[in-house]
Amino acid sequence: MTTRKIIMDCDPGHDDAIAIILAAARPELEILAITTVSGNAEIEKTTMNALKVCDLVSRPDVVVSKGASEPLIRIRETAPGIHGDSGLDGPELPEPSRSWSGEHGADTIIRLVKESKEPVTILPTGPLTNIALALTKAPEIKDNIEEIVLMGGGTFGNWTPTAEFNIWADPEAAKKVFDSGLPIVVMGLDITHQALATKEVIDQVNQIDNNVAKIVGELLVFFASTYKEMFDFDGAPVHDVLTVAYCVAPELFKTKDVNVTVETKGEFTAGTTLVDLHGVTGREVNAKFGLELDVEGFWKLMIEALKKY
Ligand code: BDR
Ligand code: CA
């Protein structure tokens, strides 16, 4: 089987953690590294969480590199109201068995993309700071990046009325990525809100008799409680998991080729993605934008992956 080489750039984060769990269960994906970024929580915490999740899925071999602790130019803001103070509140996970690599996340991205014999797919599921840093420092890596499949943005917001958290947290970095000319797939709120871990989904997860599924159940219960409190949702959208699902089962996704531009200057709208669904701007297509998810197929994929542990 030919494997698709991926780098997961993330800020775990409940849904980031579940994305790693799905990726680690899929034989057609080879995780070259996990690079962390400040987002849902401060960088020390997101890095610690990534290491813990690697242990959970028995993958202490996966390189974990700590990346940017701050957005490119803005003040850092985290999301404890959604993910708790640790960034991964809910389950009790043991202290990690090892430390991070010692190489900056952006440098790990540059090195691994350069070293890889086959093109690498990057899955950013936090603010895009590390990706922007890597593209700025070594623009030549673009030649060996197959695709960027990211979670961020949408035609509406969840952090401001118009901006989604990952893009809002570092709009300048996001702009750099969207303007890079690389093929980009966007899992924005329009599609990620369709992947709602409802009570029925959590019940299904809890019926699986292994430790990874037990932890995922606990993650989802915590995540659903904050989504109820903050947004009055009946369940938590597992946003970031869609990036991995897209890589292994693109047939579950309906996308549209569009232009996406990031607002960096607006007094009230910084971090908004302008998704030109109807081609009114005349700007060139630069992204595949997720519109519709085969919800049943998606959860089937997730449940099957959990059963493998
Ligand atoms: C995004 O922000 C974080 O809370 C999640 O991990 C996801 O990446 C959703 O807006
Ligand atoms: Ca995330």
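A: In this predicted model, an oxygen atom of ligand 1 lies 3.1 Å from an N or O atom in the side chain of D16. Such a pair is a polar contact, that is, two N or O atoms within 3.5 Å; within protein, one must be able to donate a hydrogen and the other to accept it, and residues adjacent in sequence count only if both atoms are side-chain atoms. The side chain of N158 also places an N or O atom 2.9 Å from an oxygen atom of ligand 1. Taken alone, ligand 1 exposes 280 Å², and the protein buries 97% of that (accessible areas by the Shrake-Rupley method with a 1.4 Å probe; for residues, only the protein chains shown count as cover).

Because this is a predicted model, local features need pLDDT of at least 70 and side-chain atom pairs count only at pLDDT 80 or more, while totals for chains, interfaces and linings use all residues. Residues are numbered from 1 along each chain as its sequence is written, chains are lettered from A and ligands numbered from 1 in the order in which they are written, and side-chain values use heavy atoms, with hydrogens and water left out.

The shell around ligand 1 consists of D15, D16, N40, H83, T125, M151, N158, E164, F165, N166, H239 and D240, where a residue is near if one of its heavy atoms lies within 4 Å of the molecule. By class, this shell has two nonpolar, six polar and four charged residues (Ala, Val, Leu, Ile, Met, Phe, Trp, Tyr, Cys and Pro are nonpolar, Asp, Glu, Lys and Arg charged, and the others, Gly among them, polar).

Ligand 1 sits in the largest cavity, meaning that more than half of its atoms lie within 2 Å of the cavity's grid points. On a 1 Å grid over the protein atoms alone, a cavity is a set of points where a 1.4 Å probe fits but cannot get out, whereas a pocket is an open set with protein on both sides within 12 Å along at least five of seven lines; lining residues have an atom within 4 Å of a point.

The structure holds one cavity of 30 Å³ or more. About 150 Å³ of space lies in the largest cavity, a volume being the space filled by probe spheres set on the points, which are joined across faces, edges and corners. Its lining comprises 19 residues, of which N40, H83, F165, Y227 and H239 lie nearest the centre. At least two lining residues come from each of α1, α3 (80-83), α6 and α10 (211-231), and α10 gives the most, with three. Eight residues of this lining are nonpolar, six polar and five charged.

The largest pocket has a volume of about 190 Å³. Among the residues lining this pocket are E44, K45, K52, D89 and E92, and its classes are four nonpolar, three polar and five charged. The second largest pocket holds about 160 Å³ of space. Of its 15 lining residues, P71, R74, I75, W168 and A169 lie nearest its centre.

Terms used:
Helices (H or I, at least four residues) and strands (E, at least two) are DSSP runs, numbered from the N terminus.
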